[in-house]
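I opened the file to look up a few geometric features. My notes follow the display.

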Amino acid sequence: MFRPALPLLLAAPLLAGALAGCTVGPDYDAPVPQVSDTWIEPADTGAIQPAWWDRFDDPRLSALIARAMAEAPSLAEARARLAEARANRDAVLGARAPQVSASGAATENRISENGLLPVGAFPGFDPRYSLFDLGFDASWEIDLWGRRTREAQAAQAQAEAAQAAYQDALVQLTAEIARGYVDLRAAQQVSALAAGREDATGDLAALTDQLFQAGEASRIDAEAMRAEAASAADAAAQARALEAAAAYRLSALMGTPPENLLPDLAAAAPIPAAPEAILVGLRSDLLRRRPDVRRAERELAAATARIGAATADLFPRFSLIGGLGTQAQDAGNLFDPGSTRFSIGPSFSWPIFSGGQIRARIRAADAGADAAAAAYQQAVAEALADSEGAVNRFLEARSRTAAAAQAAEAQERAFALSRQRFERGEDNRLELDRARLELLAREQSLASARVEAANAAVAVYKSLGGAWQAETPVDAARP
């Protein structure tokens, strides 16, 4: 019984080898956008340091980012998605190997008296009998048309897309925490400056009122200074509220209750100073560094592979199947040599009519690949525009900071001169307090410029993909 199937059994691997090159569907070629090496904006190039936040020389900022990378729920979610994608990939890869399963059954049976084999046709045969079966079954689909190969390629690319998504979440989180920290320190400084302005305008209002009472100032001047003092008090209250809101936003980004974070940040500290220069590398390397672009490219690769997997369903599937076990009506005879059963041989299945389902799935896969290609092109365009814009904002913010620093230094010298004139009796207290207010305004402008420069620097690092030099490899070779 077994010998006639032997030639077919031996021919199946030969047929598989002969058709090994028949993988259907388009082969994927990664797109290579034509991008110039040079930046539109005059930028400094060179090696990029991975831990870009250390360039701000603020230990508290570095500690916050390190803590967020270890504890933030948003990153935990991205890590879980990555683990899910890798597990799905491993499941697809495992389906390519021979499948072996164990089975067992113990049944009580009775033959129908009115069936195809009437009970009386076999004298002495008991229509009731027990049947015990124990064994192993195996199957292996021969991947003639590359369906399994395309599925493995799609799963691998999807796992790599999930890895890029995790790295993108890392870029987004570190950038947002850096911005939140800068905003908090800025809010603390603005609050301190607003409190100083409140004190200064209060002193001016009191002094102007005294001059009015002495007939040396008009009622208009006195009322104007009272209004300015009230406005300064209102601004100080708003600044304190913004300081608290900035702290709460930062705790939300960290994924921790405010009471676990605010005590460490309650004391005011300087606004982190933006680096004097940022090494941005070659513009043509930008697309390789940005995880959002890598994710879009890997999703395009996965969508392309799915076309082949869908197309392979048009062709027959060939498999090798086999079984080995024992079968007996008495459990005590299960392990007798005469109870052995086995089967082995090739099989195939071919969907002759499926109501157009296969063709529809192929069209859907084609459309999915077109959508992924468009998404990749959009990601490339946004990456280039984002990075150029970030570099431009950083250069402009750096120039503005330098100008604001010069203005603040000049006003500080002017205030020192006013103080000297006041101490010598050459100017009254009114002139001194006005000079103090002007100095506070210049310091406010400088603080604003420093915040803009720091956030612009963060935006540059974010637009460069976080400046990650090396990527963690996916833990399996691409099929």
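How many nonpolar, polar and charged residues are in the lining of the largest cavity? I looked this up and got 6 nonpolar, 1 polar and 4 charged residues. The classes I used: Ala, Val, Leu, Ile, Met, Phe, Trp, Tyr, Cys and Pro are nonpolar, Asp, Glu, Lys and Arg are charged, and the others, Gly among them, are polar.

Before going on, I note that this is a predicted model, in which local features need pLDDT of at least 70 and side-chain atom pairs count only at pLDDT 80 or more, while totals for chains, interfaces and linings use all residues. Residues are numbered from 1 along each chain as its sequence is written, and side-chain values use heavy atoms, with hydrogens and water left out.

Cavity. I found 1 cavity of 30 Å³ or more, with a volume of about 50 Å³. (A cavity is a set of points, on a 1 Å grid over the protein atoms alone, where a 1.4 Å probe fits but cannot get out; lining residues have an atom within 4 Å of a point. The volume is the space filled by probe spheres set on the points, which are joined across faces, edges and corners.) I listed the lining as E141, I142, D143, L144, W145, G146, R147, A312, F315, P316 and R317.

I count 4 strands in an open sheet, ordered 1-2-3-4, with antiparallel pairing. (Strands are DSSP runs of E with at least two residues, helices runs of H or I with at least four, numbered from the N terminus; two strands pair if DSSP finds at least two bridges between them.) Strand 1 (99-110) and strand 4 (340-349) are the edges, each pairing on one side only. I looked up strand 2 (residues 128-142) against strand 3 (residues 317-328) and found 11 bridges in the antiparallel sense. Here A138 has G322 as its bridge partner, and F136 stands opposite L324. Strand 3 and strand 4 run antiparallel and are joined by 10 bridges; G325 stands opposite R341 there.

Helices. I took helix 4 (residues 147-213) and helix 8 (residues 291-311), whose axes come within 8 Å and cross at roughly 165 degrees. Helix 4 is therefore roughly antiparallel to helix 8. (Axes are lines fitted to C-alpha atoms over the stretch in contact, with angles from 0 to 180 degrees between N-to-C directions; over 145 counts as roughly antiparallel.) I recorded 11 nonpolar, 4 polar and 11 charged residues in the contact of helix 4 with helix 8.

Notes: Parallel < 35°, antiparallel > 145°, perpendicular 65-115°, else oblique. 1 Å grid on protein atoms, 1.4 Å probe; cavity = no way out; pocket = protein on both sides within 12 Å on 5 of 7 lines; lining within 4 Å.
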